Amino acid sequence: MNFIRGRIKIIDWYIISKYLGTFLYTLTLFVIIIIIFDLSEKLDDFLSANLTFWQVITLYYAGSIPFYVNMLSPLINFIAVIFFTAKMADQTEIVPILSGGVSFNRFLMPYFVSAFIIFAVNLASNLYILPYTNQLKNSFENSYVKKNTSPSKRDIHMKLDEKTYIYMDYFDNKTMVGTKFTLDNFKGDELTKKLVADEIKWDSLKRIWKITNYSIRYVNGLKETMVSGTGKTKDTILDMRPDDFSAYDNIFENMSNKVLSEKIRKEKIRGTGIMNDLLFEQYKRYLHPLSAFVLTLIGVALSSRKVRGGVGLPLGIGILLSFGYIVFNQFAKMFSLKGGTSPLFAVIAPTLFFGLLGLYLLKKAPK
């Protein structure tokens, strides 16, 4: 603690308090505005589902507010830095600091201390909070907002392991029931077992699958054995879960890091075509918080010069660049999920590009 006090001066605490105070105030204001617009848009859905005010708060907004905070954090971070730094420059507070022998790099230190705090909070949120709050948000939306979206997935082909393949005509995510289920076991290129069932259902209490009206054919060279289960139900354990067949595109946001890593491991075997989605989600959780440093660098470089017209010009440029950062992220995500671009490159490219821009602006900034 004494070391920190020795390194951080009064002017540093002043900048840190201004930075974090402006950030929290602006973030709160934006979140309230978004909630008002979101509530007006979804009010009919809430009323038609006969939901109480408490249900809307605990089932939806308890999950959506952390989502909005995380989504807005880069934008608000950028705006906050530019706003209070441009105000300091306009009130001629920066010139005396630099004229007093403080280097521009030393002047940046409290900014990056504040950026590190935001980075740490965002990283912890991405890894340990958002996967669980997103479960509330997405479960609510899938049940009450996207209720007209079909919960079933059709023509499912999946490789469970090196020798087991399954097929289903379709799977309903609400009833947890699949129809026309087929399981094939191979030894090399030879079929050794074929199971066919009219229906397969997930038992959430026992955490097993139940197959109904089935038949099993065992193949041993030229010898075949048939077991009939017509009109019967059989419990079976398979290395798959209902969320493997989710028809909703927000399912990956709900997964904890452990589940997501396990899903990636299994997808390497199964090859169902969702690997880019999984990797993008994993990389995003770790790398997106780095935007706190990048946008802080650009914000200080843009707004530390005193300009005619006050804070308006740098704030306008900052808002334009922040929206450019968000659009860049969305395009990178689209190219990764739909165009085959490497998920790691798609996640890091916006931060890398704007980081280089920040270094260029820093070089040109008055010192």
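Visitor: Is the crossing of helix 7 and helix 10 left-handed or right-handed?
Guide: You are looking at a predicted model, where local features need pLDDT of at least 70, side-chain atom pairs count only at pLDDT 80 or more, and totals for chains, interfaces and linings use all residues. Residues are numbered from 1 along each chain as its sequence is written, and side-chain values use heavy atoms, with hydrogens and water left out. A crossing is left-handed if the near helix is turned anticlockwise from the far one by less than a right angle, and right-handed if clockwise. For helix 7 and helix 10, the crossing is right-handed.

Visitor: At what angle do helix 7 and helix 10 pack?
Guide: Helices (H or I, at least four residues) and strands (E, at least two) are DSSP runs, numbered from the N terminus. Axes are lines fitted to C-alpha atoms, for helices over the stretch in contact, and angles run from 0 to 180 degrees between N-to-C directions. The axes of helix 7 and helix 10 are 8 Å apart, and the packing angle is about 35°.

Visitor: How many charged residues does the contact of helix 7 with helix 10 have?
Guide: Contact means heavy atoms within 4.5 Å, and here Asn276, Leu279, Phe280, Tyr283, Lys284 and Leu287 of helix 7 meet Pro343, Leu344, Ala346, Val347 and Ile348 of helix 10. Ala, Val, Leu, Ile, Met, Phe, Trp, Tyr, Cys and Pro count as nonpolar, Asp, Glu, Lys and Arg as charged, and the others, Gly among them, as polar. By class, this contact of helix 7 with helix 10 has nine nonpolar residues, one polar and, as charged residues, one.

Visitor: How far apart are the end C-alpha atoms of helix 7?
Guide: The expected span of a helix is 1.5 Å times one less than its number of residues. Helix 7 has 13 residues (275-287), so it should span 18 Å. The model agrees, with the end C-alpha atoms apart by 18 Å.

Visitor: Phi of Arg207 is near what value?
Guide: Arg207 sits in the loop between strand 4 (190-203) and strand 5 (208-220). Its relative accessible area is 51%, so Arg207 is exposed. Phi is positive here, in a residue other than glycine, and is near 55°.

Visitor: How far apart in space are Lys193 and Glu224, C-alpha to C-alpha?
Guide: Lys193 belongs to strand 4, and at 23% relative accessibility Lys193 counts as partly exposed. In sequence, Lys193 and Glu224 are 31 residues apart, while in space their C-alpha atoms are separated by 9.4 Å.

Terms used. Buried means under 20% relative accessible area, exposed over 50%, partly exposed in between (1.4 Å probe, protein chains only).
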